[in-house]
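Biologist: I would like to learn how to read a model like this one, step by step. Could you show me the general idea each time, and then the case at hand?

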Amino acid sequence: MHLDKFAPGWLTARPIAHRGLHNLASGIVENTLGACAAAMAAGYAIECDLQITRDGEAVLFHDDTLDRVADASGQVKAHSFAELKRIAIRHSGERIPALAELLALVDGKVPLVIELKPQWDGDTALAARAVELLKSYSGPHSLMSFDPDVIVAVRGLSPTTVRGVISDDALHPYYNQIPTMMRRDVAALGHLPRTAPHFMSLDFHTLPWTPIAALRAQGMPVITWTIRSPEDARDALRYSDQITFEGYRA
């Protein structure tokens, strides 16, 4: 496997707040500008999720559908950005932000670890829009995805953008939606020659994992998710270089 380079030190220099530093009891909801501002104030790096809208905008949102977090239903990609801006995020006074809004807020003050939500269908529109917006952003940032094809697209569009692959053992029923051969490729990390990631992001429950240990021994950084206690952090850091956390202060 050829690796262009490994991720720079900022990736693992500080704990990474999962979907921002959200706290529902305080009215701070995941993947909002408020959650990202809270993470910045605490000095954490920010992990966030991107989805694509019907009109090709990259927005901060985790789920494929609006139902769990917003006062609406249906798929995110079925709505235009203008339509999404009219929808309230429950338990807060916020709206779904665009990636451009996040970049203006953060302005290089803390690292961004951005997940491109998997498409599993070869669609690279989200990758293209994210790369387009990040070309003029000078702050530390990376793009990552579960979907190897998305990361191959990032590599082709912007080889110098720090890119990572998110992975686990691919046993969760979630993976039933993708073809068997693709699922095996994910589980075996068979995509590495194509994705050539600068780092890996792993479900900490899958560690220790021999192929990941071998990559780490070569110098590739490994970050883990999702850490919800100091005890989990202690276990994860035995086999990784930094944690992605929520539900407590790391």
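Modeller: Let us begin with a single contact, keeping in mind that this is a predicted model. The backbone oxygen of Thr-12 lies 2.9 Å from a polar atom of the side chain of Gln-242, and the backbone oxygen of Arg-14 lies 3.4 Å from a polar atom of that side chain of Gln-242.

Biologist: Where is Gln-242 found, and is Gln-242 buried or exposed?

Modeller: Gln-242 is found in strand 9, and it counts as buried because its relative accessibility is 8%, which is under the 20% cut-off. Its surroundings include Leu-11, Ala-13, Pro-15, Val-222, Ile-223 and Leu-237, which are among the residues that Gln-242 touches.

Biologist: Which way do the side chains of strand 9 point?

Modeller: The general idea is that side chains in a regular strand alternate between the two faces of the sheet. Here, Gln-242 and Thr-244 point one way from strand 9, which covers residues 242-245, whereas Ile-243 and Phe-245 point the other way, and all of them are buried.

Biologist: Which strands pair with strand 9?

Modeller: Strand 1, made of residues 16-18, runs parallel to strand 9 and is joined to it by two bridges, with Ile-16 having Thr-244 as its bridge partner. Strand 8, made of residues 222-227, also pairs with strand 9 in the parallel sense, over three bridges, and in this pairing Thr-224 stands opposite Ile-243.

Biologist: What do strand 8, helix 9 and strand 9 make together?

Modeller: Strand 8, helix 9 (residues 230-236) and strand 9 make a β-α-β unit that is right-handed.

Biologist: Are Arg-19 and Asp-107 buried or exposed?

Modeller: Arg-19 counts as buried because its relative accessibility is 13%, whereas Asp-107 is exposed, with a relative accessible area of 52%.

Biologist: Which peptide bond is cis?

Modeller: The peptide bond from Leu-207 to Pro-208 is cis, with its omega near 0°, and Pro-208 lies in the loop between strand 7 and helix 8.

Notes:
Residues numbered from 1 in each chain as written. Predicted model: local features only at pLDDT ≥ 70, side-chain atom pairs only at ≥ 80, totals over all residues. Heavy atoms only, no water. Buried < 20%, exposed > 50% of the residue type's maximum accessible area, 1.4 Å probe, protein only. Helix = DSSP H or I, 4+ residues; strand = E, 2+ residues; numbered from the N terminus. Pairing = 2+ DSSP bridges. Right-handed = clockwise from strand over helix to strand, strands pointing away. Polar contact = N/O pair within 3.5 Å; in protein donor to acceptor, adjacent residues only side chain to side chain. Contact = heavy atoms within 4.5 Å. Lists of a residue's contacts leave out its neighbours within four places in sequence.
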